[in-house]
Amino acid sequence: MVVIGCAPHKFIKGFRGKTGYQYALYCDPEQTVYSGLGMIRTTASGGKGSEHVKSSFLGGTLRSTLQSLKSMQKQGDFLQQGGQFVLGPGSQILYSHLDAGSLDHTPINTLLEAAGVKTVDFSQK
């Protein structure tokens, strides 16, 4: 599993501490990868949301703003939308989705299924 974020690398340690994420993590603050993959910048919320997204567009924006105020540094472009990909083996693209807005994320279990990995029960979370 790999995550590519839009914030500078100095925020990796805090992200790992907050999320417990221990896999490959890269930074693309110049948005080179994002642009190359056709990802967009928008204020649209897009999509219907996903079972693992715990906040609304407004809530997410407020949380991002408060986080920036705490650190007194911008932690990336909040308008930048991401995407989800399941790749391999080799050059195969098993799943691809470009987010149309802040709530347009692929459900985690859809990604896990595409990768052939056991899914997660979110009903108890």
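Helices (H or I, at least four residues) and strands (E, at least two) are DSSP runs, numbered from the N terminus. With that in hand, welcome to this protein, which has four helices and four strands. Please keep in mind that this is a predicted model: local features need pLDDT of at least 70, side-chain atom pairs count only at pLDDT 80 or more, and totals for chains, interfaces and linings use all residues. Residues are numbered from 1 along each chain as its sequence is written, and side-chain values use heavy atoms, with hydrogens and water left out.

**The overall picture**

- The protein has 125 residues, and 26% of them are buried; buried means under 20% relative accessible area, exposed over 50%, and partly exposed in between, with a 1.4 Å probe and protein chains only.
- A contact here means heavy atoms within 4.5 Å. Of the contacts in the protein with a separation of 6 or more, 52% are between residues 24 or more positions apart.
- The accessible surface of the protein is about 8600 Å², and carbon and sulfur atoms hold 59% of that surface. Such areas come from the Shrake-Rupley method with a 1.4 Å probe, and for residues only the protein chains shown count as cover.

- Strands β3 and β4 pair in the antiparallel sense over five bridges; two strands pair if DSSP finds at least two bridges between them.
- Across this pairing, Gly83 stands opposite Leu98 in β4.
- β3 has two faces: Gln84 and Val86 are on the covered one, while Gly83, Phe85 and Leu87 are on the uncovered one.
- Five residues lie between the two strands of the hairpin, and Gly88 in the turn has a positive phi of about 95°.
- Pro89 is also in the loop between β3 and β4, and a cis peptide bond with omega of about 0° joins Gly88 to Pro89.
- As background, most peptide bonds are trans, and most residues other than glycine have a negative phi.

**A nonpolar patch on the surface**

- Val2, Ile4, Tyr26, Val33, Leu37, Phe85, Leu87, Ile93 and Leu98 form a nonpolar patch on the surface, with about 820 Å² of accessible area together.
- The elements giving two or more residues to this patch are β1 (2-5), β3 (83-87) and β4 (93-98).
- Patches are made of residues with over 30% relative accessible area and no salt bridge; like charges are joined within 9 Å, and nonpolar side chains (Val, Leu, Ile, Met, Phe, Trp, Tyr) within 5 Å. A salt bridge is a side-chain nitrogen of Lys or Arg within 4 Å of a carboxyl oxygen of Asp or Glu.
- Ile4 sits in strand β1, and Ile4 counts as partly exposed because its relative accessible area is 36%.

- Is Asp99 buried or exposed? Asp99 has a relative accessible area of 4%, so it is buried.
- Asp99 lies in the loop between β4 and α4. Setting aside residues up to four places away in sequence, Asp99 touches Ile40, Gln81, Gly82, Gly83, Gln84, Asp104 and His105.
- Asp99 and Gln80 are 19 residues apart along the chain, and their C-alpha atoms are separated by 9.5 Å.
- Ala100 is found in the loop between β4 and α4 (108-114), and Ala100 counts as partly exposed because its relative accessibility is 42%.
- Not counting residues up to four places away in sequence, Ala100 touches Ile40, Thr42 and Ala44. Ala100 and Ile40 are 60 residues apart in sequence, and 7.5 Å apart in space from C-alpha to C-alpha.

**Gln31 in its loop**

- Gln31 lies in the loop between β2 (24-27) and α2 (32-36), and Gln31 is buried because its relative accessible area is 13%.
- Although Gln31 is not a glycine, it has a positive phi of about 65°.
- Leaving aside neighbours within four places in sequence, Gln31 is in contact with Arg41, Asp77 and Gln80.

**Aromatic rings**

- How many aromatic pairs does a search of the whole structure find? The search finds two aromatic pairs.
- One of them is formed by Tyr21 and Tyr23, which are edge-to-face at 5.5 Å centre to centre, with 65° between the planes.
- Rings of Phe, Tyr and Trp (its six-membered ring) pair if their centres lie within 6.5 Å; planes under 30 degrees apart count as stacked, over 60 as edge-to-face and the rest as tilted.
- Ring pairs link Phe15, Tyr21 and Tyr23 into a cluster.
- Tyr21 counts as buried because its relative accessibility is 11%.
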